[in-house]
Amino acid sequence: MTETTPGATPRTPELRLASGLIQSLRQDLITDAFAYRPLPLMRTDGPLTRRLPRRIRREAVYLPHAALCLTAFFVVTFTSVSGRMPPAGALVMGLITAAPVVMTLVRPVGAFWAAVAVTLVFSVVNGSDPNWPWSPSTFVSYLVTVTVVAMRTRPRTAGWMWLITVAIGVAMSIVLGHGHAITLGPMAFVSAIALLTVSVRNIRKQAEQEVTAQQEVTAVERDRRTLLEERTTIARELHDVVAHHMSVVAIQAEAAPYRVKNPPPELEAAFVTIRENAVAALTELRRVLGVVRSADYEAPDAPQPTLASLDGLLANVREAGLSVEKTVTGAVRELPPGVELSAYRIIQEALSNTLRHAPGAATGVEVSYVLGGLGIRIVNEAATGDARPSPGAGQGITGMRERVAMLEGEMTAGETDSGGYEVAVFIPVATSRPEPAKDPA
């Protein structure tokens, strides 16, 4: 199968493959080859660097830069000592040989082409060298350069550098060899090992980064999904509570005129208005909140739980093996249905978390009826015995915070000094106490 474009001849698969290879070579080693890309500082949060003193750790970020500069100094020194030319010329040749190593600090891809150029120059100048075309100093410089460049680029670039290295060695042996022994074999082997090791490291590091990023995205999506599910549950429960009471208001408003003998017309009109408003509010409530019900959701037949049902909840928890004590302070009074339901659910979720994370721990539940609202406190001690905690989704606290925020309350949750856990909630409740009549005098 061939690829055709309007006004052009068909392209064979071989041509498309060659075009793709040339394009990848251009992207990796030609386009912006000498772009300024400084070597980043080394991270100091590793298992070894974390143990260093703070002053040393602050300077350890420049360790890769120091290592490359030290390697360049070694190359200059070795070239100057082992050369057969005057000291000045040997120093110049050493500086030229070490230049690609230093270039990797700022222009990595350009450093590779500089190493190739140094190799070509030295192959002509040192034609009589028994280690032609890579002398020991140029061998080290070239190997360090390609290794550092591979560490700072993609694995495909490492493959291109190795192919170019082998191609240069073969071409020079054919054109300029003149029967000399060449070091292409050792260079090809050692560079292949180094580039393969670096490529595997880069691929593994990239895979770990992708997995970490995916885990973070998954955790965010899971938190968001849990939050939406909890809000949906709250909306369903509020729908049931509010709809029930609005229905009662409408029925009572309709039946009220019949409880009074010969009610005045104004009273009848007032009850009619109350009923109409209640029915309209109920209709609007069902229209808005009814969308949160899934297709298979069914409203519970039993009434929604309140704080009056708390004893039954504690009895079930005790049967599950949790030692729990309840304390009620203040004057017990009837609270709005939404507050009663949310308080019950918060205590239920806190006790469920205790069963999962601190099985067998002594737990206390305190309900405080205060003038401005309702206080709830659930405290458990550290887990005891041989029971092991069960892993949970970790979203119970999120659901409790949602309920408290919906009621404009406050909540704190955290570990205690003794190793246990404490959840403290305050839900404000507006007082409906009528104001005393003022003396007309």
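Where is the place of T157?

Analyst: T157 has its place in helix α7. Before going further, note that this is a predicted model, in which local features need pLDDT of at least 70 and side-chain atom pairs count only at pLDDT 80 or more, while totals for chains, interfaces and linings use all residues. Residues are numbered from 1 along each chain as its sequence is written, and side-chain values use heavy atoms, with hydrogens and water left out. Helices (H or I, at least four residues) and strands (E, at least two) are DSSP runs, numbered from the N terminus.

T157 is buried, because its relative accessible area is 2%; buried means under 20%, exposed over 50%, and partly exposed in between, with a 1.4 Å probe and protein chains only. Leaving aside neighbours within four places in sequence, T157 is in contact (heavy atoms within 4.5 Å) with D28 and L29.

A search of the whole structure finds 6 of them, each being a side-chain nitrogen of Lys or Arg within 4 Å of a carboxyl oxygen of Asp or Glu. Side chains of opposite charge can pair when their charged atoms come close. R154 has a relative accessible area of 44%, so R154 is partly exposed. D28, at 7% relative accessibility, counts as buried.

D28 also forms a salt bridge with R156, where the closest N and O atoms are 2.7 Å apart. Here too distant parts of the chain are linked, D28 in helix α1 and R156 in helix α7, 128 residues apart. R156 is partly exposed, because its relative accessible area is 35%.

A salt bridge elsewhere joins K326 and D311, with the closest N and O atoms 2.6 Å apart. K326 lies in strand β1 (residues 324-329) and D311 in helix α10 (residues 310-319), so this pair ties together parts that are 15 residues apart in sequence. Both ends are partly exposed: K326 has a relative accessible area of 32%, and D311 has one of 46%. As for D28, R154 and R156, salt bridges that share partners join these three into one network.

Helix α7 also takes part in a nonpolar surface patch. V121, V124, V125, V170, I174, V175 and L176 make this patch, which is about 620 Å². The elements that give two or more residues to it are α5 (108-125) and α7 (155-175). Patch members have over 30% relative accessible area and no salt bridge; like charges are joined within 9 Å, and nonpolar side chains (Val, Leu, Ile, Met, Phe, Trp, Tyr) within 5 Å. L176 sits in the loop between α7 and α8 (184-255). With a relative accessible area of 31%, L176 is partly exposed.

For comparison, here is a buried residue from another helix. E402 is found in helix α12, and E402 is buried because its relative accessible area is 18%. Not counting residues up to four places away in sequence, E402 touches L227, R231 and I234. Helix α12 covers residues 396-406, and its buried residues include G396, G399, M400, R403 and V404. After α12 comes E408, whose phi is positive, near 60°.

Finally, the setting. The protein has 12 helices and 5 strands. It has 441 residues, of which 33% count as buried. Among contacts between residues at least 6 apart in sequence, 70% join residues at least 24 apart. The protein exposes about 27,200 Å², and carbon and sulfur atoms supply 61% of that area; accessible areas come from the Shrake-Rupley method with a 1.4 Å probe, and for residues only the protein chains shown count as cover.
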